[in-house]
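Let us walk through the charged pairs here.

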Amino acid sequence: MTAIQRVFSGVQPTGNLHLGNYLGAIVNFVKLQENFDCMYCVVDLHALTMPMNVWGGPEGLVRTTREVTSAFIASGIDPKKHIVFNQSQVSGHAELAWIFNCVARIGWLNRMTQFKEKAGKDRENASVGLYDYPVLMAADILVYRATHVPVGDDQKQHLELARDIAQKFNNDFGDSIRGNGFNTGLFFPQPEPLITGPATRVMSLRDGTKKMSKSDPSEYSRINLTDDADTIAQKVRKAKTDPEPLPSEEKGLEQRPEADNLVGIYAALAGKAKADVLREFGGAQFSSFKNALVDVCVTRLAPIATEMKKLMADPGYVDSVLIDGGDRARAIADETIRATKDIVGLIHKR
Ligand code: TRP
């Protein structure tokens, strides 16, 4: 096993993908293909940690797994050069998660803020899987011994846990790791987060202080990746603003969350800095800025929506991509699992 730079990231198959998922994650995934071997995983086992109505039951899970896969491909992820697959196809994720369950400490998991948020008030009724979610996530990354993990800010704590697990495993089994020919004693790498750029936190179009979310009851709060040009235009035109014209400097966006959000979206989609956007539109009314915003949204997003719809109409093709990716992922994971079993002392067929 040679030390290569490998990117791994996962997206949960729950609900509609929207502009927040696109700018916050997928755009970055596309970019990283230039410099890394990338693995992009639809984490269907993670979806199961929430109540069934969240992931839509068996039919919903199949549909959204294909939808996320279609979004990856339509956005420019190349499943031939890189690996696109769904998590449950590679049993190594769950196997390594069990071993990691015995490395991670209850105290570590008790500190995870996302569990507290997701479990809500009725913590006794949350699934055991939800509690263990970060351990499975560590296994996702480390079963490929991935070195770089593009994630949003909210996943930083989970990534730190993955680093802690890797380190404790390397420590606890150090002698055995060296005894098995890994002379550095570092069997698992310390995966590094690649936190996405500044303009990528996309807020609701109805309330600039809330994150754009699939669970917002208002369809007008978000632009879905499958929205057609007319729908995109309607949503942008209805987006909440304030009465002032646009400022000409970034400082003027402070205390103006809606203006800040729309300028951020424009900048991200046009590939410009916010300061440049304001240099161009400073002093303009929102009505004219919104025309430009509709243009850039439609130019960038409508082709993706069209391609996604084509792909979703051909589930046989999408599944074949996942199966091919799963086969290639499994080959890598199996190597790690075999070595891990040797290190831990678990007898297996050679
Ligand atoms: N927890 C991640 C999220 O909700 C999804 C995820 C699962 C993931 N496994 C991962 C991300 C491994 C990066 C690496 O966004």
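Salt bridges

This is a predicted model, where local features need pLDDT of at least 70, side-chain atom pairs count only at pLDDT 80 or more, and totals for chains, interfaces and linings use all residues. Residues are numbered from 1 along each chain as its sequence is written, and side-chain values use heavy atoms, with hydrogens and water left out.

Q: How many salt bridges does a search of the whole structure find?
A: Side chains of opposite charge can pair when their charged atoms come close. A salt bridge is a side-chain nitrogen of Lys or Arg within 4 Å of a carboxyl oxygen of Asp or Glu. Searching the whole structure gives 18.

Q: Is Arg-279 buried or exposed?
A: Arg-279 pairs with Asp-276, their closest N and O atoms 2.8 Å apart. Buried means under 20% relative accessible area, exposed over 50%, partly exposed in between (1.4 Å probe, protein chains only). Asp-276 is partly exposed at 36%. Arg-279 has 62%, so Arg-279 is exposed.

Q: What is the relative accessible area of Lys-81?
A: Lys-81 forms a salt bridge with Asp-78 (3.8 Å, N to O). Asp-78 is partly exposed, at 27%. Lys-81 is exposed, and its relative accessible area is 66%.
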